[in-house]
Amino acid sequence: MMTVSELRGIQADLPLKTVAYDGTGEGLDPSPGDEKVFFFDIDNCLYDIETGISDMMTERIAAYGERIGIPKDKVADLTLGYYKSYGLAVRGFIMHHDIDPNHYDLHVDQSLPLETILKPDLNIRKMLLRLNMKKWAFTNANRPHAEKVLRLLGIHDLFDGLTYCDYSQPGFSCKPELNAYYRAMGDANVKRPELCYFVDDSPKNLNAARQLGWNTIHVVGSKGTVPESFVNDSHLVIRTIDELPSIIPSLFEKV
Ligand SMILES: [Mg+2]
């Protein structure tokens with residue numbers, strides 16, 4: 001079991017590249033009374049990757065690529081390349097294939113049969129109720145998808161807010177671009193990075209957050225591997241989101 005100060009101690013000792021704040025200039029100066037914020041990624045984080053939703057999404061993105069004329073034998077590599085370069089395949093489709101983001105949304109995100117897969121999760125609900133700080137959803141998904149997942153999990157009412165990607169906005173930022181994190185901090189009204197806690201399944205997203213000085217927790221999935229030290233690449237590691245209180249108990253009210 002680790003206290004928050006022990007967690008900070010561990011993370012402070014781990015290799016960490018720091019970058020200068022290059023946002024608005026008023027973001028990161030310490031001001032007393034700043035509230036802690038816990039940022040939660042949504043997909044493959046608030047529900048387990050073993051649900052298969054991630055694979056369904058990949059299939060739908062590939063099908064959409066074919067639909068807009070990308071040859072079948074090139075679509076997997078191309079969409080993976082877009083994901084790696086731009087954080088989201090849809091950004092590559094927008095930049096290079098001039099697609100309508102709403103049309104994409106309809107045929108990819110909104111076509112997922114989430115209602116048949118996700119059910120209200122009482123364990124997560126109870127855990128969030130014990131987490132005594134501002135709770136903020138921070139996703140690269142668009143708003144309808146993000147809200148639908150939170151509603152289906154029965155935890156929609158427990159978040160103070162949501163930072164999402166509006167695919168229809170030209171040049172929107174997404175994780176792991178640092179601007180996305182500044183946007184989330186602005187949305188959640190937190191100025192000091194050390195007050196930010198962040199759980200995500202993507203190492204890239206977590207690494208960027210660590211660069212900013214956030215406290216990071218990597219969710220590796222129910223079949224993922226957790227190192228004996230519970231730390232990997234500067235991040236605390238858990239399998240599933242309901243393990244959060246066991247790794248940072250001091251943030252949670254006792255039951
Ligand atoms: Mg995720």
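Q: How many bridges join E2 to E3?
A: This is a predicted model, in which local features need pLDDT of at least 70, side-chain atom pairs count only at pLDDT 80 or more, and totals for chains, interfaces and linings use all residues. Residues are numbered from 1 along each chain as its sequence is written. Helices (H or I, at least four residues) and strands (E, at least two) are DSSP runs numbered from the N terminus, and two strands pair if DSSP finds at least two bridges between them. E2 and E3 run parallel, and the bridges that join them number three.

Q: Which residue in E3 is the bridge partner of Ala-137?
A: Ala-137 is itself the bridge partner of Phe-40 in E2, where E1 and E2 run parallel with four bridges. On the E3 side, the bridge partner of Ala-137 is Leu-162.

Q: What is the order of the strands in the open sheet?
A: The protein has eleven helices and seven strands. The open sheet has seven strands with mixed pairing, in the order E3-E2-E1-E4-E5-E7-E6.

Q: Which strands stand at the edges of the sheet?
A: An edge strand here has a single partner strand, so one side of it is left without a neighbour in the sheet. The strands in that position are E3 (161-163) and E6 (231-232).

Q: Do E6 and E7 run parallel or antiparallel?
A: Val-231 stands opposite Leu-236 in E7, and Asn-232 has His-235 as its bridge partner. Two bridges join E6 to E7 (residues 235-238), and the direction of the pair is antiparallel.

Q: Which residue in the turn of the E6 and E7 hairpin has a positive phi?
A: The hairpin has two residues between its strands. The one with a positive phi, of about 50 degrees, is Asp-233.

Q: Which residue in E7 is the bridge partner of Val-219?
A: E7 also pairs with E5 (residues 215-219), through three bridges, and these strands run parallel. In E7, His-235 and Val-237 point one way, whereas Leu-236 and Ile-238 point the other way; all are buried (20 or more other C-beta atoms, placed from the backbone, within 10 Å of a residue's own; 12 or fewer is exposed, in between is partly exposed). The bridge partner of Val-219 is Ile-238.

Q: What percentage of the 255 residues is buried?
A: Burial is a count over the whole protein here, helices included. In H10 (residues 203-212), for example, the buried residues are Asn-205, Leu-206, Ala-208, Ala-209, Arg-210 and Leu-212, and they pack against H9, E4, E5 and E7. For the protein, the share of buried residues is 33%.

Q: At about what angle does H9 run to E3?
A: H9 (residues 178-188) lies across E1 (37-40), E2 (134-138), E3 and E4 (196-200). Axes are lines fitted to C-alpha atoms, for helices over the stretch in contact (C-beta atoms, placed from the backbone, within 7 Å), and angles run from 0 to 180 degrees between N-to-C directions. The angle of H9 to E3 is about 160 degrees.

Q: How far apart are Gly-186 and Thr-163 in space, C-alpha to C-alpha?
A: Gly-186 lies in H9 and is partly exposed, with 14 other C-beta atoms within 10 Å. Gly-186 and Thr-163 are 23 residues apart in sequence, and their C-alpha distance is 9.6 Å.

Q: Is H3 roughly perpendicular or roughly parallel to H4?
A: H3 (residues 72-86) and H4 (residues 89-97) pack at about 100 degrees, with their axes 7 Å apart. Angles under 35 degrees count as roughly parallel, over 145 as roughly antiparallel, 65 to 115 as roughly perpendicular and the rest as oblique. H3 and H4 are therefore roughly perpendicular.

Q: Is the crossing of H2 and H3 left-handed or right-handed?
A: The axes of H2 (residues 53-67) and H3 come within 9 Å and cross at roughly 125 degrees, so the two helices are oblique to each other. A crossing is left-handed if the near helix is turned anticlockwise from the far one by less than a right angle, and right-handed if clockwise. The crossing of H2 and H3 is right-handed.

Q: How many charged residues does the contact of H2 with H3 have?
A: Ile-61, Ala-62, Gly-65 and Glu-66 in H2 meet Lys-72, Val-75, Ala-76, Leu-78 and Thr-79 in H3. Ala, Val, Leu, Ile, Met, Phe, Trp, Tyr, Cys and Pro count as nonpolar, Asp, Glu, Lys and Arg as charged, and the others, Gly among them, as polar. Five residues of the contact are nonpolar and two are polar, while the charged ones number two.

Terms used: Contact = placed C-beta atoms within 7 Å.
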